[in-house]
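Hi everyone, thanks for coming. Let me put the structure up on the screen, and then we'll walk through a few spots together.

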Amino acid sequence: MARLTKNQKAALSKIEVNKAYSLQDAASLVKDITNTKFDSSVDIDVRLGVDPRKANQMVRGIATLPHGTGKTVRVLVLCTPDKEQEAKDAGADFVGLDDYIAKIEGGWTDVDIIITMPSVMAKVGRLGRILGPRNLMPNPKSGTVTTEVGKAVTEVKAGKIDFKVDKTGIIHASIGKVSFPAEKIYENALEILQIISKLKPSAAKGTYFKSIHVSSTMSPGIEIETKTVAGI
């Protein structure tokens, strides 16, 4: 069994065993138990009472976090020449089409989000085997296949995130940085939880929110008492 470091022991000592915290208290506590030298990400893990193997119980959505994720998002826009300036003006990091398709086919995937247009999906589609496993493949459901490429870039840069339940029934999402004030972590967490609540499939029976945990990079998870979360 791996030994706990002094910092790990200190962090665990601040969390009461078998206690579920309010979302607001957890937003403060996650800052208190983080001892990394870098600005750790704050993540939320939501276990849902759904069977993601069934199409009518898949949960996928989009959330625009009110305070962003705190991360620098690198955006590639694959578009026709008439849309290139619009994408650049909106803040896209990389803009083009055939040249970037060739780079991706050569193994380049140094981006976080790829946005494209319906008219070029025939070209982009052949990149599925490369982009799919990296969760980079553009998808109309996540708003990354659109004719309004400038708007899409602006939203992503402002804190728009795409999430979906994994094969074990859990949604993982980044909701900020430990350098954020606790209130901003709380408000970002509340936003995504309320959206997940609205996406409950009609086919899902029983308890929808099985468990909610908040953690930061390398910190223990903090269990959330679901009854304390407004609107779910």
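Let's start with F38, which sits in the loop between α2 (23-32) and β1 (41-48); helices (H or I, at least four residues) and strands (E, at least two) are DSSP runs, numbered from the N terminus. Quick background: this is a predicted model, where local features need pLDDT of at least 70, side-chain atom pairs count only at pLDDT 80 or more, and totals for chains, interfaces and linings use all residues. Residues are numbered from 1 along each chain as its sequence is written, and side-chain values use heavy atoms, with hydrogens and water left out.

Back to F38: with 46% relative accessibility, F38 is partly exposed (buried is under 20% relative accessible area, exposed over 50%, partly exposed in between, with a 1.4 Å probe and protein chains only). Setting aside residues up to four places away in sequence, F38 touches T217 and M218, where contact means heavy atoms within 4.5 Å.

Now, salt bridges. How many does the structure hold? There are 9, each being a side-chain nitrogen of Lys or Arg within 4 Å of a carboxyl oxygen of Asp or Glu.

One of them joins D162 and R60, at 2.9 Å from N to O. That pair ties together distant parts of the chain, with D162 in strand β6 (residues 160-164) and R60 in strand β2 (residues 60-64), 102 residues apart. D162 is partly exposed at 39%, and R60 is partly exposed too, at 29%.

Last one: E155 pairs with K160, closest N and O atoms 3.2 Å apart. Here E155 is partly exposed at 29%, while K160 is buried at 15%.
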